[in-house]
Amino acid sequence: MDDNNKDNNLNNPVNEKPQEYQITAVNGLYENWFLDYASYVILERAVPAIDDGLKPVQRRIMHSMKEMDDGRFNKVANIIGQTMQYHPHGDAAIGDALVNLGQKDLLMETQGNWGDVRTGDSAAAPRYIEARLSKFALEVAFNKQTTFWQNSYDGRKKEPVALPMKFPLLLAQGVEGIAVGLATKVMPHNFCELILASIDLLKGKKVELFPDFATGGTVDVANYNQGRKGGKVRVRARIEESDKKTLFVRDVPYATTTNQLIDSIIKANDSGKIKIKKVIDNTAKDVEVEIQLAPGVSPDKTIDALYAFTDCEISISPNACVIVDDKPMFLGVDELLQISTEKTKELLRQELEIKKGELEEQWHYSSIEKIFIEKRIYRDIEESESFEEVIEVIWKGMNKFKKLFRRELTENDILRLTEIRIKRISKYDSFRADEIMKGLEAQLTQVMHDLENLKIYAIKYFENLLKKYSKGRERKTEIRTFDTIDSKTVAIANQKLYVNRAEGFVGYGLKKDEYLCDCSDIDDIIVFRKDGKMVVSKVQEKAFIGKDIIHVDVFRKNDERRIYNMIYLDGKTKVSYAKRFPVTGITRDKEYDLSQGTSNSRVLYFTANPSGEAEVVNITLSPLSHARKLSFDFDFTELTIKGRSVQGNIISKYLVKGIKLKSKGISTLGGINLWYDDAIGRINNNEHGNYLGNFLGSDLILSVYKDGNYELTNFDTSNHYEYEQLLHICKFKANRSISIVYYDAKVKHYTIKRFLIETLTLNKKFLCIAEEKGNYILLATDYKNPIVILSTGKGKTLVEMQINLVEFIEVKGWKSIGNKFAGPDLSKLELLPPDPQDELEEAIQDVAGTLVNEDLFSEEEEKIKKLLADDSEMESHKNKHKGKPSKDSEQPKLF
């Protein structure tokens with residue numbers, strides 16, 4: 001013990017025990033404090049409750065507005081001040097939450113500048129804007145009698161634990177919040193669809209819900225997964241092509257603003273992904289972002305590039321997390337709706353029970369009042385000297401009629417009778433009192449009926465909500481199936497690719513070396529070397545691939561039509577082999593050996609063929625060899641296309657001196673079979689949609705639109721077609737006439753014409769009907785021998801006739817007006833399927849000249865037969881299930 005401690009002990013007059021301290025580790029304190037903080041943030045700030053779909057701050061705002069509600073607008077600054085009595089945080093948090101609620105346009109009616117979610121403009125200061133509860137909110141969100149209350153944070157006020165919400169508000173508004181260790185993101189859904197889905201649930205039907213955004217646009221919900229964690233939705237803005245130089249963005253994706261959208265477009269342009277000249281924001285009442293394209297840029301590819309590289313398309317991952325019994329739970333939107341619907345049903349039951357009690361109480365008092373007055377019991381109290389005697393006299397008088405009461409008399413009932421004034425007794429109308437009691441009994445009977453048939457009552461409640469509040473709440477976001485856009489395909493070639501073959505370098509920075517082609521900075525390149533090695537690598541400014549490069553190109557993944565023809569020498573056996581192969585899937589930066597992997601192997605001949613061309617080469621052997629023929633021709637069409645790892649066919653066991661190209665080949669693959677997918681308005685080679693035909697070289701596609709225009713395009717799969725206006729799409733045949741029936745609004749009858757396509761300008765629309773407002777094409781076909789069934793009149797006056805259009809009118813010029821076909825009483829026009837045999841012969845003839853190999857031709861012929869059979873069966877099924885046009889329809893139905 002040191003001297004200081006000795007002195008302290010001597011000076012201490014009382015012999016006390018040394019104080020004991022409890023030692024707590026700092027990490028233990030942190031653990032408890034952090035859990036408390038995390039629980040508070042989850043339960044009291046970020047995550048909504050399942051009961052009413054509101055976060056605490058939103059609930060307190062709604063409660064404060066109800067307290068202030070007098071039917072008039074209140075300054076938002078006053079609402080914020082009122083809410084601060086219940087919310088223990090700053091006015092900024094309350095103000096932001098209030099503006100967010102107001103912008104959703106469901107629970108509040110607003111006045112003033114509340115900002116714009118589409119442009120990102122903020123609301124005006126709280127002192128300049130006003131709000132009040134909407135009629136909808138007053139009807140579905142408040143009822144003091146069914147609300148549970150708790151003390152506010154300082155104990156001065158009472159606030160609701162949860163509002164008695166009789167509507168799936170959480171799913172209607174959507175919510176987003178970040179807590180500690182978890183987050184929630186519930187997509188907003190359509191008001192009308194939610195009510196209809198609740199009705200279906202009450203009826204025992206299965207429901208499926210999809211998001212609907214106030215900003216409009218289109219959404220692909222293929223992977224929505226009921227809004228659960230792990231799901232995903234893709235949201236796109238609508239992009240319209242005004243002309244070949246101008247595009248218009250008509251709306252913005254959810255959670256994106258026009259400023260963010262424009263910034264992403266400018267960034268994509270600066271990085272070379274797209275080429276545009278100018279972006280102009282014309283947004284006012286409606287969103288309109290004008291994009292002016294650079295000269296020579298394809299609008300179709302630019303649209304794809306905008307979806308691939310800008311915020312014109314975004315992916316959103318929902319994560320529906322809500323508070324259930326003071327615990328966060330992850331649920332699907334179907335479960336959320338089920339819980340909300342059952343909660344609404346229970347609240348309606350409670351309200352009916354309360355109303356039943358109130359009606360019974362009113363009936364009871366009316367009945368005892370009637371007895372008290374009509375039986376003149378009030379006269380028995382005239383001689384009573386004290387109030388106690390008055391009470392006792394009334395008790396005795398009323399007990400004589402207790403069999404007529406619905407419940408036992410109470411002291412309060414007697415006291416109420418003593419409060420009846422003489423004036424009321426003197427003017428008492430027995431008949432009117434009976435009528436009031438009958439009305440109460442009728443109401444009580446209805447309430448009892450509703451309680452016994454609670455499900456039907458709940459359905460009527462939802463139907464009433466739909467009737468009163470559905471106007472203007474139709475779906476704004478169109479549900480679509482999106483095509484998958486390959487970013488490498490639509491990216492603008494913003495770099496030039498160079499190669500130094502001898503040294504083995506490839507890149508866009510080698511500007512003094514050999515120029516190869518244009519590419520984008522996100523492309524991959526494929527490189528073949530003389531030693532038989534192949535590698536695919538990301539394009540760079542300068543990259544060493546390996547010496548003696550024989551071929552470099554931009555790599556096109558999954559391109560099965562690009563065939564490589566190769567002859568190589570095996571270094572071990574000195575035997576030369578030939579092979580044909582495609583390169584589809586690979587691992588980037590991995591070397592693949594196309595020979596047999598022996599040392600000193602080398603490539604003797606190599607070509608890359610975009611459409612599987614097979615050439616003829618002349619092979620010269622070494623004069624020192626013992627071969628009988630030192631020179632011979634080899635035709636690559638004799639080789640079957642196989643995988644890149646195959647050995648190949650033996651060309652010669654003798655040493656090859658040289659190989660020269662003798663004649664260029666033609667494609668051994670034939671044309672490409674294409675389909676049109678009307679769900680996305682695109683053509684594809686993946687067998688999605690309606691079969692168009694076999695395409696090769698300069699073949700074109702003809703599209704005819706309802707507004708009277710037709711257009712010729714190539715068969716590039718990046719082309720866009722206006723699927724909503726498209727009436728007919730087919731492979732263009734120059735000698736095949738087009739038959740159309742269109743409505744002429746000027747003379748108010750239907751006109752027919754047949755004509756050949758004489759305008760061969762690509763990507764330009766030509767109007768082929770009379771130019772008059774209200775004109776539209778009803779039917780268009782390129783069938784060789786089109787036959788239709790024409791129906792006129794209705795009911796007993798219905799007349800049907802079969803007409804061969806070839807016999808009805810001859811072929812004229814494309815600008816001709818045509819002949820009258822039917823009057824305004826046309827009710828149905830059905831195009832019959834073509835003769836299957838004629839169609840089959842034409843399709844087979846279409847591919848007959850494109851295939852060299854007879855086996856391949858036979859395979860293609862069988863494919864064509866199957867495709868046409870499937871299409872014919874599908875068309876027959878469609879026609880079989882088509883209905884007649886409705887009476888209210890202005891235009892006849894086309895089949």
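How are H12 and H13 oriented relative to each other? This is a predicted model, and in it helix H12 (residues 387–399) packs against helix H13 (residues 411–418) at an angle of about 110°. Angles of 65 to 115 degrees count as roughly perpendicular, so H12 and H13 are roughly perpendicular to each other. Their axes sit 10 Å apart.

Now for who touches whom. From H12, the contact takes in Phe387, Val390, Ile391, Ile394, Trp395 and Met398. On the H13 side, the partners are Glu411, Ile414, Leu415, Leu417 and Thr418. Sorted by class, this contact of H12 with H13 comes out at 9 nonpolar, 1 polar and 1 charged residues.

Searching the whole structure turns up 2 cavities of 30 Å³ or more. Here they are side by side:

| Cavity | Volume | Lining by class |
|---|---|---|
| Largest cavity | about 120 Å³ | 8 nonpolar, 2 polar and 3 charged residues |
| Second largest cavity | about 40 Å³ | 5 nonpolar, no polar and 3 charged residues |

The largest cavity has 13 residues around it, and Ile50, Pro168, Leu169, Leu170 and Ser340 are the ones nearest its centre. Two helices, H7 (169–173) and H11 (333–374), each contribute at least two residues to that lining.

Methods. Residues numbered from 1 in each chain as written. Predicted model: local features only at pLDDT ≥ 70, side-chain atom pairs only at ≥ 80, totals over all residues. Heavy atoms only, no water. Axes fitted to C-alpha atoms, helices over the stretch in contact; angles between N-to-C directions. Helix = DSSP H or I, 4+ residues; strand = E, 2+ residues; numbered from the N terminus. Parallel < 35°, antiparallel > 145°, perpendicular 65-115°, else oblique. Contact = heavy atoms within 4.5 Å. Nonpolar A, V, L, I, M, F, W, Y, C, P; charged D, E, K, R; others polar. 1 Å grid on protein atoms, 1.4 Å probe; cavity = no way out; pocket = protein on both sides within 12 Å on 5 of 7 lines; lining within 4 Å. Points joined across faces, edges and corners; volume = space filled by probe spheres on them.
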